[in-house]
Amino acid sequence: MPAPKKTVRRSLLVTSAVLSSLALTAPVSYAAPKPSPSTSPSATPPANMSSVGGARLGQPGTQVNLASGVPVLPKDLTARSWVVADAESGDVLAAHNAHWRLPPASTMKMLFADTVLPKFPKTMEHKVVPSDLADIGSGSSMVGIKEGETYSVHDLWLGVFLRSGNDAVHVLSKMNKGIKNTVEEMNEHAEELQALDTHAVSPDGYDAPGQVSSAYDLTLIARSGLQKKDFREYCSTVTAKFPGETKKSKKGKSVRESFEIQNTNRLLSGDSDISVYQGIAGVKNGNTTNAGATFTGVAERGGKVLLVTVMNPEKSEHNEVYKETARLFDWGFQAAGKVQPVGELVPPKSATQAGAQPGANDSGEAGGAGNAEKSSKPAVGASAAGGSTGIGIALGITGGLLVLLAAGAFLINRRWPLPDLVRRRSRP
């Protein structure tokens, strides 16, 4: 990049530092009121919403700075709320009812994973007891965990991310001192991330009175999760082998076979009416009666990494949430570098502390330090452990990118760089 552009960029970043500082010290009044106990969303966005990330993000309706050279937004968007943001700089390129508190469905599992994933090493094994599977909501999505069987933590997380298995979420929650403790930790972590629209009631996103989030918060949470190597691996895996039930063979021997599970993120796995999105690398989808369809995705193209969240499209066409997400991604990649942002994804509270590393433990992996990311090159075609398909690992590993030496560096640069993305192999 030529020197003059660097100077302009530096000026913009210094200005952004001031805005970030204000966001970090914002009074509680910037947050919207506590959620009501109702499970049904309001018909229209409230007049007063949170202004975390910028005043315009708290305004109802579509927020975008259209100007010469900036492409127009897609006209066929029906979602109640959506956000398009630069995953690295945190710039919100455009938004629609960004802080509208709505039921999140299984996108809430991103907060669950970002909170609990560092607690247990992936090789740890757990034998499932009946109480682990108690109180799972009727009609929940399940990966097929059986009582009396033993699963590794790695297996359980594959069940969470690929099949959105509420049974896997409940087992991990019981391992984490119970559902109540897990939900409390999730809410504490949401507050740390400044995801102030979010209130967790269940760890799996199952419809519950008072359980809400927003397109802004889900984008913020996804950005935090993507700092973790294991989170990136799981959310970008397309297919994997999952342990089945132990049975007796004809010869009387105990045999435990595995079965294949596929990621329900249709921009990652494709479907009859939608293709795999070029550069897609996760993150999480959801669908419940009250929430409708929800989705947060991350994709890379031409050196740009974008996050898009779409909540509850009114159009009932099959896979509509993915189709609207794809159109917003297309717009974002065309508009990146041309459109002036309407707000920003604020940093975590801990970013004010010297040497803070927001959103990740020392290694970026489950189970704590000791396995720090060392490679500085993306591992093209690498496969997830446990039989996962390599084509699903869209996010590579880059050492040192996540380390912040001081709060001042974070505020001035306002960048939260993701590790280099593995360029996807072309698909037919």
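**A guided look at the model**

Student: Which strand gives the most residues to the lining of the second largest pocket?
Tutor: The model is a predicted one, with local features needing pLDDT of at least 70, side-chain atom pairs counted only at 80 or more, and totals for chains, interfaces and linings using all residues. Residues are numbered from 1 along each chain as its sequence is written, and side-chain values use heavy atoms, without hydrogens or water. A pocket is an open set of points on a 1 Å grid over the protein atoms alone where a 1.4 Å probe fits, with protein on both sides within 12 Å along at least five of seven lines; lining residues have an atom within 4 Å of a point. Helix 9 (320–335) supplies at least two lining residues, but the top contributor, with 5 residues, is strand 8.

Student: Which residues lie closest to the centre of that second largest pocket?
Tutor: The pocket holds about 490 Å³ of space, a volume being the space filled by probe spheres set on grid points joined across faces, edges and corners. Of its 31 lining residues, the closest to the centre are Ser 106, Asn 285, Gly 286, Asn 287 and Thr 288.

Student: What is the form of the peptide bond from Gly 282 to Val 283?
Tutor: Val 283 sits in strand 8; strands are DSSP runs of E with at least two residues, helices runs of H or I with at least four, both numbered from the N terminus. Most peptide bonds are trans. Here omega is near 20 degrees, making the bond from Gly 282 to Val 283 cis.

Student: Which residues of the largest nonpolar core touch the most other members?
Tutor: Such a core joins buried Ala, Val, Leu, Ile, Met, Phe, Trp, Tyr and Cys residues through side-chain atoms within 4.5 Å. Among the 65 residues of this core, the ones asked for are Ile 145, Trp 157, Phe 161 and Phe 231.

Student: How many residues of helix 2 are buried?
Tutor: Buried means under 20% relative accessible area, exposed over 50% and partly exposed in between (1.4 Å probe, protein chains only). The buried residues of helix 2 include Lys 109 and Asp 114 along with Leu 111 and Phe 112. The helix is largely enclosed by the rest of the structure, because the buried count is 8 of 8.

Student: How far apart in space are Ala 190 and Leu 220, C-alpha to C-alpha?
Tutor: Ala 190 lies in helix 5 (residues 179–192) and is buried at 1% relative accessibility. Beyond four places in sequence, Ala 190 contacts (heavy atoms within 4.5 Å) Leu 111, Ala 195 and Thr 198. Ala 190 and Leu 220 are 30 residues apart in sequence, and their separation in space is 9.3 Å.

Student: What is the relative accessible area of Glu 320?
Tutor: Glu 320 is in helix 9 and, beyond four places in sequence, touches Asp 76, Thr 78, Pro 313, Lys 315 and Arg 327. Glu 320 counts as buried because its relative accessible area is 4%.

Student: What is the mean pLDDT of the protein?
Tutor: pLDDT is the predictor's confidence in each residue, from 0 to 100. Of the residues, 72% reach 70 or more, and the mean is 81.

Student: How many contacts beyond near neighbours in sequence does the stretch 354–363 have?
Tutor: Where pLDDT is low, the predicted coordinates should not be read in detail. Over residues 354–363 the pLDDT is below 50, and the number of such contacts in the model is 32.
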